[in-house]
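Here are a few notes to read alongside the structure. Have it open and follow the points in order.

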Amino acid sequence: MNIAFSPLLPWSVIGVFALVAAALAIFGLWRRVRGAAIRTLALALLLLALANPVVMNEEREALSTVVAVIVDRSQSQQNADRTAMTDQALAELKERLARYPRIEPRIVEAGDDPESDTPSTRLFDALTSALADVPPSRVGGAILLTDGQVHDIPDPAAFSSFDAPVHALITGRPDEFDRRIEVLNAPRFGIVGEPQELKFRVTDDGRSPGTAARVTIRLNGNEIASETATPGAETPFRFTVPRGGNNVLEFVVDPVEGEITTANNRAVHVIDGIRENLRVLLVSGEPHAGERAWRNLLKSDTAIDLVHFTILRPPEKQDGTPINELSLIAFPTRELFVDKINEFDLIIFDRYQHRGVLPILYYDNIAQYVENGGALLIAAGPEHAGDDSIAYTPLSVVLPATPTGVMNEKAFFPRLSEQGRKHPVTRGLEGALDEPPHWGRWFRTVDVAAPQGNVVMEGADNNPLLVLNRYGKGRVAMLLSDQGWLWARGFEGGGPHVSLYRRTAHWLMQEPALEEEALTARAFGRTLEITRQTIKEAPGPAMMKLPSGATRPVELRESGPGLYKAEVKTAETGLYEIENEGLTALVHVGAVDAPEFKATISTTQTLAPLADSTKGIVHRLADEEGSLRVPPLLPVSGAVRAPDPQRLSLRMTNETVLKGIDSLPLFAGFAGVGLLLLALSATWYREGR
């Protein structure tokens, strides 16, 4: 209760009246005028009435004390034991906090940020957000339900503005053990075929069993090595990059009985294979109109070292010119097809025929080159249908089509076959889906018997035009027409010769993106994109294995001919394994060195300094017998000066909120009027005497 003034006149006017009244009072008292004291009292009461004093009585309500309960739902907490502990402790805390009407609990569950590529446990960000609208004087404390692996713990000195206890209730057991593996000093890029080196380390957290660790190493899903590693020591590993593009190295350490999780027993490293300049041998059997189409395409690619020979003077040509007067370069057949044949990534025979330039044995060398993983392209013309066709040499064993000896001389639009619409070499060629195709015509093809492999393009009367086939470890392509140059010259609008030639060459050199049957997966943040390409019927659902070990089916939807895709929002971070019809793909979601997986055993040490500085406690929920015990609450009036090791101290607030104000003017109503009349009457009474 207090007194305020609500003057009836401006204070300046009341001040003038007060000066006049004071002068009269002083004069009367100085002259000892009879009744001066009573007059002075009457004037004072009159001035007080003009000032209008009001008695104010405030009605206030006590505010609640806010206690934040932050529940750790991060990935390191996602095992049956810790989840059960967390749920049971949370239920007991809710029940105990409900016993205190003046305590307002704010329960926040903090998990991994679904938008973050680097998952971590950030409980103090959640704590700050939970109390953002609460004045510091109303905060009674914070209780963290966690395994202790928290990655945003502030420095105790920087947390001094939080004037309330911070308590930590730790899940897990004191004797936990975990074995994990991580990749160190690994290159991001590597030249295909060149040896690379990285290091990995197996770490034992907690009570180590003291045994060596067996590590299985896979490259692109294929096991390539098995190593024995000493926990805590860096282990070097050498490997060779097998192909261009993404190569996934997977390191799997055998689990140990009793470890708390196997989610971090796998580590991956993605290395991009870079091809050192590809070496291509182009042999043109004779000069012809389309000879430069292949040459120009290959020369325009800076990643290709092209060796090109054109047979200008075959052995049977005799024009009387002495050999020593010829300016032609002799064809180095032995050097190319015996000594250095394995150095080439691709061999192209462009309208080549067997006329004694190559010894018959060298064709067998080329066949072995293909069988051992080489690539061969035959760009055939009329000579391929003749008696000197290379199809009648030992090279025939690797060729997917045998000529019948007939040339189909008829104008036609090259068209994609049913397989060609799905095959990655020809799928999506510009103009292919129009009828007729939106490109120029060709005029002849080599007639062949039923080919092996995949016929992806067809000529007149549905005869094979482009045939792709595998032989041994290598690949062979046959383009059964020599008129692709018409597209290059823009005849009737031309056609996509650059895309067709380039894709064919890259497929021959085993570019992963052009595989007919392929399963790939990529991660964009927390979204997983799965792509399945096939030239067969629609594939069934893919099975996705999560980092936690759980599996779930993923429906693949057709996005184009022979192309099926799915997008999956992921909640877990780590290595995902996708499988479909015998094909597998590995992809890592999130950073491979995420803090959430570097240490997973529960600990009381990380939060102890902060709890000590705020007069809180760190308590492990599981006792030695394995039963769970939640400490009782201890509400404290005023600041908490010392922690109670057995109880969770909470600072109770003294803050109140104003609900209303009752006001009573002292000179209002009959009481005020009566008091003034009494004072005036007293002066009159004194005058009457």
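1. Let's start with Ala164. Leaving aside residues up to four places away in sequence, Ala164 touches Val139, Gly140, Gly141 and Thr614. Bear in mind that this is a predicted model. Ala164 sits in the loop between strand S5 (139-146) and strand S6 (166-170).

2. Is Ala164 buried or exposed? Its relative accessibility is 5%, and buried means under 20%, so Ala164 counts as buried. Look at Thr614 too: 450 residues separate it from Ala164 along the chain, yet their C-alpha atoms are 6.2 Å apart.

3. Now for helix H4 (residues 123-130). Its buried residues are Leu123, Phe124, Ala126, Leu127 and Ala130. Viewed down the axis of H4, these buried residues fall within an arc of 155 degrees, so they line one face of the helix. Thr128 and Ser129, on the other side of H4, are exposed.

4. What covers the buried residues of H4? The cover includes strand S3 (65-72), strand S4 (103-110), S5 and helix H12 (608-613).

5. On to the nonpolar cores. The largest one has 38 residues, and Trp294, Leu346, Ile348 and Met457 have the most contacts inside it. Helix H10 (residues 497-508) gives the most to this core, with five residues. A second, separate core has 37 residues, among them Ile311, Tyr362, Ala380 and Ala391.

6. Last, pick out Trp294 on your screen. Not counting residues up to four places away in sequence, Trp294 touches Leu282, Ile348, Asp350, Leu377, Ala379 and Tyr501.

Technical notes: Residues numbered from 1 in each chain as written. Predicted model: local features only at pLDDT ≥ 70, side-chain atom pairs only at ≥ 80, totals over all residues. Heavy atoms only, no water. Helix = DSSP H or I, 4+ residues; strand = E, 2+ residues; numbered from the N terminus. Buried < 20%, exposed > 50% of the residue type's maximum accessible area, 1.4 Å probe, protein only. Contact = heavy atoms within 4.5 Å. Core = buried A, V, L, I, M, F, W, Y, C linked by side-chain atoms within 4.5 Å. Arc of directions from axis to C-beta.
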